[in-house]
Amino acid sequence: MLCAVRIPDKLPIIALPNTYLFPSASIPLHIFEDKYREMLSDVIAGDRMFCIGAVQRSESSNDYLDNIYPYSTAGLLRACVVNKNGTSNLMLEGIKRVKITELEYKKPYKIGHVQEINSNTNDVDWVRSADKKIRSILLGNSFLHENMNSEMDINQLLESIETPEEIADFVSQYFISNQLTLQKLLSLESIDERLELILKSLLD
């Protein structure tokens, strides 16, 4: 369970194709472009937070954010190693889902105005049932585990995940690959709808 972290109204954005981060998950990033080196320096000097702006496919009609999908996750810089050549390897931990409402271009990199996305539940009993069904699917389908590190024990991981919202974020990070589905999962406030979409994706 993540401790409470204040999310700034503005977050630096690193634009990457086919890259998503959900709360409680962590992903490694390699920083090498000059503009993102500057971004990283500003992040380290500030609140150590930024988000990934998933780049849209060219055929998308939703271009008001300069080809960046509007939904993301505020990430906290947990570790960073600066290499001799000026590049950096870092670990970014997802903290809170956000919506990017506006972009600023005052820096070489983009800065997004963000709003936090809060979760709600309409049917607690259904959500609990969906949570159990998803866990059963994960335990019973070894082919799904190909997306995960072979050293991870799915049983131990599921035992450490306490809530339906956490299971939704976990499955979204490691078992869903469709970009539009990932964007939908980032955008939905309803845990019920997120679990329903996850079930559909796992069973298709």
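The legends below describe close-up views of one predicted model. Residues are numbered from 1 along each chain as its sequence is written, and side-chain values use heavy atoms, with hydrogens and water left out. Because the model is predicted, local features need pLDDT of at least 70 and side-chain atom pairs count only at pLDDT 80 or more, while totals for chains, interfaces and linings use all residues.

**View 1. Aromatic rings of Phe170, Tyr174 and Phe175, linked by ring pairs into a cluster.** Two aromatic pairs are found in a search of the whole structure, where rings of Phe, Tyr and Trp (its six-membered ring) pair if their centres lie within 6.5 Å, and planes under 30 degrees apart count as stacked, over 60 as edge-to-face and the rest as tilted. Phe170 and Tyr174 form a tilted pair, with 5.4 Å centre to centre and 55° between the planes. These two residues are four apart in helix α4 (residues 164–175), so about one helical turn separates Phe170 from Tyr174; helices (H or I, at least four residues) and strands (E, at least two) are DSSP runs, numbered from the N terminus. The rings of Phe170 and Phe175 have centres 5.8 Å apart and planes at 70°, which means that this pair is edge-to-face. Phe170 is buried at 10% relative accessibility and Phe175 is buried at 8%, whereas Tyr174 is partly exposed at 22%, where buried means under 20% relative accessible area, exposed over 50% and partly exposed in between (1.4 Å probe, protein chains only).

**View 2. The salt bridge between Glu104 and Lys10.** A salt bridge is a side-chain nitrogen of Lys or Arg within 4 Å of a carboxyl oxygen of Asp or Glu, and by this rule the count comes to seven. In the pair of Glu104 and Lys10 the closest N and O atoms are 2.7 Å apart. Distant parts of the chain are linked here, with Glu104 in strand β5 (residues 88–104) and Lys10 in strand β1 (residues 10–17), 94 residues apart. Glu104 is buried, with a relative accessible area of 11%, while Lys10 is partly exposed at 40%.

**View 3. The salt bridge between Arg78 and Glu93.** The side chains of Arg78 and Glu93 meet at 2.3 Å, N to O. Arg78 lies in strand β4 (residues 71–82) and Glu93 in strand β5, so the pair ties together parts that are 15 residues apart in sequence. Arg78 is partly exposed, with a relative accessible area of 46%, whereas Glu93 is buried at 12%.

**View 4. Arg194 and its salt bridge with Glu165.** The closest N and O atoms of Arg194 and Glu165 are 3.6 Å apart. Because Arg194 lies in helix α6 (residues 191–203) and Glu165 in helix α4, the pair ties together parts that are 29 residues apart in sequence. Arg194 is buried, with a relative accessible area of 0%, and Glu165 is partly exposed at 28%.

**View 5. Strand β5 and its pairing with β2, β4 and β6.** Two strands pair if DSSP finds at least two bridges between them. Six bridges join β5 to strand β2 (residues 26–31) in an antiparallel arrangement, in which Ile31 stands opposite Ser88. The pairing of β4 with β5 is also antiparallel and extends over eleven bridges, with Gly75 opposite Gly94. In the hairpin of β4 and β5, which has five residues between the strands, Gly86 takes a positive phi near 95°. Strand β6 (residues 110–116) runs antiparallel to β5 and is joined to it by six bridges, with Glu104 opposite Ile111; β5 and β6 form a hairpin with five residues between them.

**View 6. The largest cavity and its lining.** On a 1 Å grid over the protein atoms alone, a cavity is a set of points where a 1.4 Å probe fits but cannot get out, and lining residues have an atom within 4 Å of a point. The count comes to one cavity of 30 Å³ or more, and the largest cavity has a volume of about 30 Å³, a volume being the space filled by probe spheres set on the points. The lining residues include Thr19, Tyr20, Ile52 and Leu186. The elements that give two or more residues to this lining are β3 (49–55) and β4, and the largest share, three residues, comes from β4. The lining divides into six nonpolar, three polar and no charged residues, where Ala, Val, Leu, Ile, Met, Phe, Trp, Tyr, Cys and Pro count as nonpolar, Asp, Glu, Lys and Arg as charged, and the others, Gly among them, as polar.

Notes:
1 Å grid on protein atoms, 1.4 Å probe; cavity = no way out; pocket = protein on both sides within 12 Å on 5 of 7 lines; lining within 4 Å.
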